[in-house]
Amino acid sequence: MPSKSEIRNPKSQILRLPFAGLASALGLALAALLLVSLGTAYARPLATLVTVTTTSDSGPDSLRDALVKAGDGDRVVFSLTANSLIVAVSELTVTTTSDSGTGSLREALVAASDGDTIVFSLTVNSIITVAVSELTVTTAITIDGSTAVSLTISGGGTTRVFSVTAPLHLIGLTVTGGAAAGAGGAGGGLYSTSAITLTGVTFLLNTAVGRGGGLYTEQTLAATASDFLTNTAGGGRGGGAYAEVGATLVDGLFLNNRTVGAFSGGGLGSSGTAVISGTRFISNTAGDAGGGLRVGSASLTGVLFFDNLAGSSGGGAFVSSGDSTLTDTQFIANRALTNGGGVRLGPGATVIGGAFLSNTAGSLGGGVFAANGLAFSGTVFTANSAATDGGGLYAVGGAVVGEGGLLRGNTAGDDGGGLTAFTGALLTNTQIISNSALGDGGGLQLEGGVGRFVNLVVARNTAGGAGAGLALATADEVVIVHVTIADAAANPGAAIAVQAGSVTLTNTLLAGHAIGIHLLGGAAVEDYTLYAATPITATGGVVLGAHSHSGNANFENAAAADYHLAAGSAATNAGVDAGIAFDFDGQARPFNGAFDIGADERYGPAEIYVYLPLVMR
Ligand SMILES: [Ca+2]
Ligand SMILES: [Ca+2]
């Protein structure tokens, strides 16, 4: 005869099946041991504790879950904070795909109260077609489509699917074929005056004559693992979705959505803040700004913008007014007909890591147009192009503050192949390589504001106008310290063109250009410059220091854009202490007792070998 604990405990029952006799014996032995240890005179049941750890009405470790698990004599206990409240809600089950009547979704919505969940008892691939009129949601409920497999709710191309006036959580279903027409006509698949939460929901092929082709909410949108595919907004922002107050998106996809006419946000539109992670915006189109995304302010982490198109600025994204922080976010092959092929950013723009690759702008800023300056660190700008200025980056209204990073292979139809800074530039340890401008500044053009350039490698850039490497046209001061400007072959341009302002150069390595410093206006003072393979070191008017010299740069591998100093470089130990404690590798300066000229402080083993005897003396 089995003990009570065995009957009660499912695990014991499972164990008992193949080893019934053994388990029974063990169970009896265990019960006997307990009786002995407790010293009780009766067969007390072995109470199992079932712990509730959430106030959720359902799901793992909820009270509802515990009641299902618990057997006779078990104790349901609570591990919850003081004054916790568990609200019992009810489930309403949809049992038919009919648009109305008993068991229909429409009937369930009428019956539902705040906190209720609507579930579905339907076969795989069921489609509920909303034909009579849109479904209205007036209580704060959850519609959990994951209870059926591949559930679709369709507007049949004739009506909007959901009209919502209370907070709604949609789970695990597809909303398709919604059509919002008439005055306003926003939200083809779903229109809401309340906050919307989506989990694993797809909005597919919905249309609105107003805003929000797939979804429109006057409040916030919080979406996890939800996709907006091929939705269209005909008369307002947000081809895929529009969330007036703001949006929080995790692991989503916006694919092939669009706004028709002069409206922005092909994928997503909002006047508020978008906090987005791990989401992809692919092949969306906006008639106006922001092919993929148009928001007031943005915090993006690990987001991809690929192949989006904007009729005006911000091919991938347009951030209008608030702060934006872009972390490890990639913009690839987006296109803007005006400014910012990859992105157009407003004030307070910070870019951390990430990449801008092969974006194009019809006017300024192939990769980025920053309307109020920009701070970037470790960001890569590659193969972007601007029809006018700033192939990789164009910034106005504030300084470009860059740490590390790479601008490579960008092109400008006019000035600033790599970047144009209109209101100052402070760059440290940045590499500017193989960019080209038909006008001035193959690598960089500084149009205004203060410039400070430290440990830059500016290499193999070309310009049709002034300054293959740097074109300095600002009326302000520019300080250049430990900068290498080089080309592997004979570059017909000047490494630096000074067109205005006051430029001071210290520990500069200029190699492989027809002219080192070309003074076209303003003033330039240099010292501790190494001129390597530079036929004209500096044109008339440049104030030359006593410690500059010509010699062999001897880069590690200039043909492969490796501008580290190799053994025997005339730049080694030929510089002065200019207050820079590190080189572009992050290695401490000076090494071997003296500062090297250019961006690199040489730490090579061959150098150690050569100088070791000197150190030892
Ligand atoms: Ca040194
Ligand atoms: Ca180094």
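Biologist: How many helices and strands does the chain have?

Modeller: There are 6 helices and 68 strands, where helices (H or I, at least four residues) and strands (E, at least two) are DSSP runs numbered from the N terminus. The radius of gyration is 34 Å, well over the 25 Å that the globule rule gives for 617 residues, so the chain is more spread out than a compact globule. That radius is taken over C-alpha atoms, and the rule is 2.2 Å times the number of residues to the power 0.38.

Biologist: Where does the model come from, and what's the numbering?

Modeller: This is a predicted model: local features need pLDDT of at least 70, side-chain atom pairs count only at pLDDT 80 or more, and totals for chains, interfaces and linings use all residues. Residues are numbered from 1 along each chain as its sequence is written, while chains are lettered from A and ligands numbered from 1 in the order in which they are written.

Biologist: What does the C-alpha trace span along its principal axes?

Modeller: About 105 × 75 × 40 Å. Buried residues make up 54% of the 617; a residue is buried if 20 or more other C-beta atoms lie within 10 Å of its own, exposed if 12 or fewer, and partly exposed in between, with C-beta atoms placed from the backbone.

Biologist: OK, strand E4. Which strands does E4 pair with?

Modeller: E3 (residues 91–94) pairs with E4 in the parallel sense over 4 bridges, and E7 (residues 141–144) pairs with E4, also parallel, over 2 bridges. Pairing here needs at least two DSSP bridges between the strands. Thr93 stands opposite Val119 in E4, and the chain gets from E3 to E4 through helix H5 (residues 105–111) in a right-handed β-α-β crossover. Right-handed means that, with the strands pointing away from the viewer, the path from the first strand over the helix to the second runs clockwise.

Biologist: Are the faces of E4 covered or open?

Modeller: Both are covered: Thr117 and Val119 are buried on one side, Ile118 and Phe120 on the other. In a regular strand the side chains alternate between the two faces of the sheet.

Biologist: And what does Ile118 touch?

Modeller: Beyond its neighbours within four places in sequence, Ile118 has contacts including Leu92, Val94, Leu105 and Ala108; contact means C-beta atoms, placed from the backbone, within 7 Å. Across in E7, Ile118 stands opposite Ile143.

Biologist: Is Asn83 buried or exposed, and what about Tyr528?

Modeller: Asn83, in the loop between E2 (75–78) and E3, counts as exposed because it has 5 C-beta neighbours inside 10 Å. Tyr528, in the loop between E62 (523–527) and E63 (530–532), has 24 such neighbours, so Tyr528 counts as buried.

Biologist: Where's Phe591?

Modeller: Phe591 is in the loop between E68 (562–565) and H6 (605–616). It counts as partly exposed because it has 19 C-beta neighbours inside 10 Å. Leaving aside neighbours within four places in sequence, Phe591 is in contact with Glu601, Arg602 and Tyr603.

Key:
Two residues are in contact if their C-beta atoms, placed from the backbone, lie within 7 Å.
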